[in-house]
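Subject: Structure for you to look at

Hello,

Here is the structure I said I would pass on. Please have it open while you read the notes below it.

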Amino acid sequence: MSEDLFLKIISREIPADIIYENNDVLAFRDINPQAPLHVLIIPKLRVRTINDMQTQHAELFGKLFLAAREIALEQGVAEDGYRVVMNCNEGGGQTVFHVHLHLLGGRQFGWPPG
Ligand code: 5GP
């Protein structure tokens with residue numbers, strides 16, 4: 001068993017409501033949604049945090065945003081708008097140490113986020 005929860009979702013060791021997948025990226029609904037639409041978009045390659053990103057990861061991280069755009073369109077929130085968030089380390093609210101974009105939609109978001 002892997003110590004990385006999201007690697008276990010990629011390998012289907014633990015179930016998730018997967019809504020999008022390609023060679024590099026997987027997306028599934030958050031188990032504790034903070035909005036009517038709350039999807040986690042992850043690279044299949046394990047990178048622990050934004051701090052661990054290297055130049056060679058640039059294209060892969062761009063693919064996370066392309067997936068977010070596609071999912072937002074498919075899920076019907078693109079026109080109204082949505083929020084994309086990536087938390088980094090404990091101070092940023094990160095709890096799972098495999099980088100992931102949160103795609104949140106279906107309600108109004110305020111700024112600053114609090
Ligand atoms: P973070 O706090 O690291 O930015 O976000 C981690 C997210 O993963 C949280 O929103 C949490 O609800 C979600 N999460 C944690 N465990 C699971 C799980 O087993 N399945 C799914 N689908 N989401 C999870």
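This is a predicted model: local features need pLDDT of at least 70, side-chain atom pairs count only at pLDDT 80 or more; totals for chains, interfaces and linings use all residues.

Five of the five residues of β5 are buried, so the strand is largely enclosed by the rest of the structure. In a regular strand the side chains alternate between the two faces of the sheet. In β5, L101, L103 and G105 point one way, while H102 and L104 point the other way, and all are buried.

Next, the partners of β5. Five bridges join β5 to β3, and the two run antiparallel. Across that pair, L37 stands opposite G105 of β5. With β4, the pairing of β5 is also in the antiparallel sense, over four bridges. There, V84 has L103 of β5 as its bridge partner.

These strands belong to an open sheet of five, in the order β1-β2-β3-β5-β4, with antiparallel pairing. Which strands stand at the edges? They are β1 (18–21) and β4 (82–85), and each has a single partner strand, so one side of each is left without a neighbour in the sheet. From one strand to the next, the twist averages 20 degrees.

At the β1 end, three bridges join β1 to β2 (residues 25–29), and these strands run antiparallel. Y20 has A27 in β2 as its bridge partner.

Last, what packs on the sheet? Helix α2 (residues 58–75) does, touching β1, β2, β3 (37–43), β4 and β5 (101–105). The direction of α2 makes about 155 degrees with that of β3.

Regards

Key. Residues are numbered from 1 along each chain as its sequence is written. Side-chain values use heavy atoms; hydrogens and water are left out. Two strands pair if DSSP finds at least two bridges between them. Axes are lines fitted to C-alpha atoms, for helices over the stretch in contact, and angles run from 0 to 180 degrees between N-to-C directions. Contact means heavy atoms within 4.5 Å. Buried means under 20% relative accessible area, exposed over 50%, partly exposed in between (1.4 Å probe, protein chains only).
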